Number of protein chains: 4
Amino acid sequence: MTDSRKPVFLVIGAGAGIGGNAALRFAAGGYHSVLARRSDEDGLARLVGEIEAAGGSASGTLLNAAEDGAIEELVARTEADIGPVHCALYNLGAQIGNRALPDTPHRIFELGWRLGTYGVFRLAHALFPAMVERAKTGAHGTLLVTSATAAVRGNAGQHSHAAAMGGRRMLCQTLNAEFAPQGVHVAHVVVDGAVDAPDTLGKLLGDKFEGFKAGKGRDGVIDPAALAETYWHLAHQPRNCWSHEVDVRPWTDVPWWNDNPDPQIDSRGKGFAGPRDGD
Amino acid sequence: MTDSRKPVFLVIGAGAGIGGNAALRFAAGGYHSVLARRSDEDGLARLVGEIEAAGGSASGTLLNAAEDGAIEELVARTEADIGPVHCALYNLGAQIGNRALPDTPHRIFELGWRLGTYGVFRLAHALFPAMVERAKTGAHGTLLVTSATAAVRGNAGQHSHAAAMGGRRMLCQTLNAEFAPQGVHVAHVVVDGAVDAPDTLGKLLGDKFEGFKAGKGRDGVIDPAALAETYWHLAHQPRNCWSHEVDVRPWTDVPWWNDNPDPQIDSRGKGFAGPRDGD
Amino acid sequence: MTDSRKPVFLVIGAGAGIGGNAALRFAAGGYHSVLARRSDEDGLARLVGEIEAAGGSASGTLLNAAEDGAIEELVARTEADIGPVHCALYNLGAQIGNRALPDTPHRIFELGWRLGTYGVFRLAHALFPAMVERAKTGAHGTLLVTSATAAVRGNAGQHSHAAAMGGRRMLCQTLNAEFAPQGVHVAHVVVDGAVDAPDTLGKLLGDKFEGFKAGKGRDGVIDPAALAETYWHLAHQPRNCWSHEVDVRPWTDVPWWNDNPDPQIDSRGKGFAGPRDGD
Amino acid sequence: MTDSRKPVFLVIGAGAGIGGNAALRFAAGGYHSVLARRSDEDGLARLVGEIEAAGGSASGTLLNAAEDGAIEELVARTEADIGPVHCALYNLGAQIGNRALPDTPHRIFELGWRLGTYGVFRLAHALFPAMVERAKTGAHGTLLVTSATAAVRGNAGQHSHAAAMGGRRMLCQTLNAEFAPQGVHVAHVVVDGAVDAPDTLGKLLGDKFEGFKAGKGRDGVIDPAALAETYWHLAHQPRNCWSHEVDVRPWTDVPWWNDNPDPQIDSRGKGFAGPRDGD
């Protein structure tokens, strides 16, 4: 029997940036968005209100994703009481800023793993059985995972974040290997640039946030609404043509693999050889 | 002065698969599609006819992309006579099937480079100056490059193809590094699966093509129309959120980095350790 | 004041395979090898005995690396009572064989992280301050990390192992970024093939181990003594020329990035196009 | 019948840096080194003289590797007149310094491919049949390929170099896939740092070379003699434990994947979040 309820878009980590904008986009496309975040009940209510004001359907809940059983309970409750989760977005990060190894406490490193890697495992564990069942009747499921540059290279000062994201990336590959052929689309999105996200980067930078964005120039920071469009696209690729890994960054940003943000390109064609490029 | 003509979508390598479908999609979205291919004038006319029958605007031309000056002349002629090329798709490959090294002649290896790597360089050289100019007034340009698994790993028997695609991938990165900040979006798409393309894979497999597709199961081969949607999405990402590298494959396909297409997952949870995974 | 004691080579995870052979090689080169392993006091004594019989210096200890404080205490005790740890080898894995997601319990996933990722963090935390101090007077330190294919790609059935190893790899990069310029060489070795290791692969395969090795053919399994030579080489590269990531596999093994172990290379040069390679 | 002549170490691209030092190292180990370079007969004679003065055996020849037939002829002549080539080092680069796309002429781009990619193909084509034959009787062959950062990422201004090196890297993978199981070891060495090479980087930098090296600090530039040790190690790994890809750089150099050469690590542990690392 087909579920007659609206398909659900479940966001774990629904702040005013990527999570909230994705919830808005999916609600506009006909989903009921369930927004879960750790704190700020007012902010959560505001996001739900905005979605409803735009004609969409949404609800919110506070969630401590690091707590045993919390993700599992949310998935069970959502499937039972709200609707079938056709698409989930895992949007929690583990960024704590740059810290030297001696300044990275063991419990912080563990918490990074708990939020950055283990939470994805727990979400998949709880959610995929139902998605696999539904895929048998044609409705493929999608797990979108917001990831970071730290998933593909480890920078100085990023011990906790990079270890958590590197584990996340490999986990997304093992999940994809097992579940893509069962009808669950796993997409790992490497966000390789700053996001205009007031609840995360904004809080981290505090009153430097506006100056930071201004310094980036026009369109120099990722608009989470634009990223939400890419998430929508990924979640609706037909199953003959699924993307697993996608990167995004602003046009003016240097991709993580490049190291010359402002190259001394000699217009006379008599350049200086990059010292990196060997003998 | 703004160009009042329709924006052009230029396809180099416009067969009945990816190229033709992308041309159809972009024409449906308001572009005039220019289709260039090496041979088969009838096939070309058929593709143009289909686009026009669907209400779109298109024109076609034969092009030997390996010939000196051919790509350059096509770009100049298109910009002068048809319209500004807002998006180009380089869709030529260099796949010649598996060949051992002794069976890979020097001239074949060179031709692979000429079509697989050098053609992208020549197209960018000819096209990007105009795109950079237009970007100054707000209309960013896009270069979509259809690429292959061979761009990220070299398999046995793929000397020519992999060398050409590996060069292509690194070139796309250098083009992106120089031109993204000037308003040209370069996207390198790793097509990691078989495409339902009658003019390329179809010709290569001949009368085994239908059986090959059937063996892949339902939705087991990439529908070029689905890929064309991803191309459309990439070309229209706002410049604050550009993707540079994207992979696609059918749900049932094993991604290139996995080697267990049919894993012996022991349901008793007492699996056999993959012999690859170390001590 | 220079430490007049022998330099120590500390092995965490010293079985009869990679760990034991590396201990033997470094002892032969003048180090005192400290071998730590979780269990099998007899096996440990046997390894120490073999090293001493060969004229080397060694000692052993049992260690539960997953226990809080155990690694830290071992490092402190070794530095105080035995000698300065000039080189450490983290040789613990987290391989549990292939298991589907539903058969991968949460505590197993966590234990994988604890041994695969967190242990490296804890070892570096405890050991690097002393190494940094010694590097100021010319004696660079080295951390060798035995890693696995699962660090660079996630295969089906490897949720725990790949997440742990992916985290390990990114952590090695962040450690290298912070500590290489302070004189600590971090090398991440991707063991991409089966190792002739009786205590790990041997136990996993049980009485299939000999048959497995025979099936691999002559020199078809990594001899841990050969790998120990590569470890020795890495630990003694002068600091102007350090390697961070190295892969190893037997000559007959298919590297992880290839998927045609037995390619149908058509000697007539009329091969079949790999269906992976695009349009 | 076993060849009673000395094994030959053939260097294509034998300047006073990597090539010359590798020739010296292999001659010291019992090989006859054959040094081939494009120009500077005096410099060539000097290198041969140094090797002989050190008690080694060597000979030199001028070679225009871009010329059709030149590499093939050199291989044939060496095998016939001097000895069996047990190890070859392809040491030619295609670095021309940073040039914007408009300043990169088509013929330069083609020459980059000819030296950077095609030459490796031609060398393997000419050399591997004899190596495969010898491997049947136990003497495995080795192809060492000096490569560059540009093989793994394309930086701004590196259109020619990166396209050539990207092709080279994928070609090394296809060669390895086909020939490792036939007894030929292919090793691709990513030189990710400046080399103290008077004939290449020295010429490129001219009178800025000494200042450049001084600015790098002590041991801040790769000593080609140190790299030669790594080449020797790779060429003599037993076939049960072969490395295919290895990176090297000085301790103080930032690896290509990192972008914070001088991270603002806040010792108070309240760092600034890298703007790259996502939402």
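This is a predicted model: local features need pLDDT of at least 70, side-chain atom pairs count only at pLDDT 80 or more; totals for chains, interfaces and linings use all residues.
## Aromatic pairs

Over all chains, a search of the whole structure finds 52 aromatic pairs. One of them joins B:Phe26 and B:Trp232: the ring centres are 5.0 Å apart and the planes stand at 70°, so the pair is edge-to-face. Because B:Phe26 belongs to helix H1 (residues 18-28) of chain B and B:Trp232 to helix H8 (residues 224-235) of chain B, the pair ties together parts that are 206 residues apart in sequence. Both B:Phe26 and B:Trp232 are buried.

In chain D, D:Phe26 and D:Trp232 form an edge-to-face aromatic pair, with 5.0 Å centre to centre and 70° between the planes. Distant parts of the chain are linked here, with D:Phe26 in helix H1 (residues 18-28) of chain D and D:Trp232 in helix H8 (residues 224-235) of chain D, 206 residues apart. D:Phe26 is buried, its relative accessible area being 0%. D:Trp232 has a relative accessibility of 17% and therefore counts as buried, since the cut-off is under 20%.

## Aromatic cluster and charges over rings

One aromatic cluster is formed by A:Phe109, A:Trp113, A:Tyr118 and A:Phe121 together with C:Phe109, C:Trp113, C:Tyr118 and C:Phe121.

Arginine side chains also meet tryptophan rings. In chain A, the charged end of A:Arg25 sits over the ring of A:Trp232, 4.3 Å from its centre. B:Arg239 lies over the face of A:Trp251, with 4.0 Å to the ring centre.

## Nonpolar cores

The largest nonpolar core comprises 72 residues, and A:Phe128 and C:Phe128 have the most contacts inside it. The element that gives the most to this core is helix H4 (residues 106-135) of chain C, with twelve residues. Leaving aside residues up to four places away in sequence, C:Phe128 touches A:Leu101 as well as C:Leu123, C:Leu143, C:Leu175, C:Phe179, C:Val184 and C:Val186.

A second, separate core has 71 residues, including B:Leu143, D:Leu10, D:Trp113 and D:Tyr118.

Definitions and conventions
Residues are numbered from 1 along each chain as its sequence is written. Chains are lettered from A and ligands numbered from 1 in the order in which they are written. Side-chain values use heavy atoms; hydrogens and water are left out. Rings of Phe, Tyr and Trp (its six-membered ring) pair if their centres lie within 6.5 Å; planes under 30 degrees apart count as stacked, over 60 as edge-to-face and the rest as tilted. Helices (H or I, at least four residues) and strands (E, at least two) are DSSP runs, numbered from the N terminus. Buried means under 20% relative accessible area, exposed over 50%, partly exposed in between (1.4 Å probe, protein chains only). A charge sits over a ring if NZ of Lys or CZ of Arg is within 6 Å of the ring centre and within 35 degrees of the ring normal. A nonpolar core is a set of buried Ala, Val, Leu, Ile, Met, Phe, Trp, Tyr and Cys residues joined through side-chain atoms within 4.5 Å. Contact means heavy atoms within 4.5 Å.
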